[in-house]
Amino acid sequence: RASGRPSVGAWASGAEPASASAGGASSKEGGADKVSNAESFPISEDRAAAAAEEKRPVGMPRFSDSAKSSFEAALQRQYTRDKGAVANAVGRDGTKAATKKQADGKASGGKSSGRGGRAACFTHGPDYSVVSRNLALELVRVTEAAALNSAQWMGLGDKRAADQAAVDAMRLVLNTVIMDGKVVIGEGEKDEAPMLFSGEYLGDGSWPAVDIAVDPLDGTSLVAKGKHGAITVIALAERGAMFSPGKAYYMNKLCVPYEAAGMVDIDAPVARNVKAVADALGKDVCDISVAVLDRPRHSELIYNIRRAGARVHLIDDGDVAAALAAATPGNDVDMLMGIGGSAEGVITAAAMRCLGGEFQGKLWARDEAEAERLEDEGFDLETTMTATDLCRGEQIFFAATGVSTGDLLKGVRFTPGGALTSSLVMRAKSGTVRSIETTHRF
């Protein structure tokens, strides 16, 4: 799988491999500039050599000559910041796409006579001078498929069948994605799931090599009972970037929005953390809502939250969805506290890396015997792990689709001949958060 591929370190550091420099650098040959590398990801040496030999931009698909020249010209007109590159763009007929007058106009700060009379140089907003692949936009098809398949079991009382339906659909679509994916967080031993287990490889085997964290159905019991708040979730990161909890199944978690980042501590008293979030959000403590899993182990936590003057938002299942709601403005939840699954904790950490919220977690053992076993396996139950500890690097992609309507996402709504879905798509490097409403026709 790894033959001919660049190292993960090159991707993580953002450094360009020597082979990419050879194939993607701008140089004068035959009176025309080569287009600079349009990919932000490193490429293998054989691809770079082939691109240099064929005199095509690195990372471009193999078009016919006419289609290739037209695509190059369109790409430069829309995204380049370099005056010289615009002046030397090649049109469909082989002539210069931009006239000398247009190039001079750009040099003097004038507007181009291109589409809409707008200048080709962007001065505000995202940097589109380098267009890179956003895997999250491909992952949303995965979560949509899982949501559509599992939603058919809504309210039928069979949470195992609902979970299996989500797993089947997610695995099927994941294998169509162009990637070399390794499942780090999956439906493993804890859930006794037959597929999407930790260590499984998914995708078509092509570069990039990535870690995958999945929760095909976060809220299986919610779907079985026909309740609100179930979602399907997937997160991707660079290979080796995700923390693997192994057989450490539980984690104590604290999740707060961006405004309160750096102001809380999982080891601090509950009242202090609640007050810090209230101050950060400009609210009174009595208006703060804390999401907590409805479990007997949380009786003391619930008591302390109410004693501090805040509200308790009890959830039956699905703390990933609750954490997302807490980190997103305009929802009824302001923070998440309590013990839940460690796998869900890693997925939540990936989401917080995209949203900018703060996540803190500590592995938790149910009894002394389990604590001794985890310590023997090398796990530290006293160390507080942040979102960066659990999911490193900048190439982090996240997608979630609602199964049943919750605080953040609408659930699947079946219509005559189709369905409607609501999804959230995020990317850490750019900080982009997209809400996607999709109409499906069966």
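Throughout this tour a residue is called buried when its relative accessible area is under 20%, exposed when that area is over 50%, and partly exposed in between, as computed with a 1.4 Å probe on protein chains only. The model is predicted, so local features need pLDDT of at least 70 and side-chain atom pairs count only at pLDDT 80 or more, while totals for chains, interfaces and linings use all residues. Residues are numbered from 1 along each chain as its sequence is written, and side-chain values use heavy atoms, with hydrogens and water left out.

**Aromatic pairs**

Rings of Phe, Tyr and Trp (for Trp, the six-membered ring) pair if their centres lie within 6.5 Å, and planes under 30 degrees apart count as stacked, over 60 as edge-to-face and the rest as tilted; by this rule there are two aromatic pairs. Select Phe-243 and Phe-379, whose ring centres are 6.5 Å apart with planes at 80 degrees, so the pair is edge-to-face. Phe-243 sits in the loop between strands S6 (231–238) and S7 (250–256), and Phe-379 in the loop between helix H14 (368–376) and strand S12 (385–386), 136 residues apart; helices (H or I, at least four residues) and strands (E, at least two) are DSSP runs numbered from the N terminus. Both Phe-243 and Phe-379 are buried.

Next select Tyr-250 and Trp-364, with ring centres 6.1 Å apart and planes at 85 degrees, so this pair is edge-to-face. Tyr-250 belongs to strand S7 and Trp-364 to strand S11 (residues 358–364), 114 residues apart. Tyr-250 is buried at 16% relative accessibility, whereas Trp-364, at 26%, is partly exposed.

**Salt bridges**

A salt bridge here is a side-chain nitrogen of Lys or Arg within 4 Å of a carboxyl oxygen of Asp or Glu, and the count comes to 14. Begin with Glu-200 and Arg-171, which meet with N to O at 2.3 Å. Glu-200 lies in the loop between strands S3 (180–185) and S4 (201–202) and Arg-171 in helix H8 (residues 159–174), so the bridge ties together parts 29 residues apart in sequence. Glu-200 is buried at 5% relative accessibility, while Arg-171 is partly exposed at 25%.

Move on to Lys-283 and Asp-334, whose closest N and O atoms are 2.8 Å apart. Lys-283 is partly exposed, at 33%, and Asp-334 is buried, at 5%.
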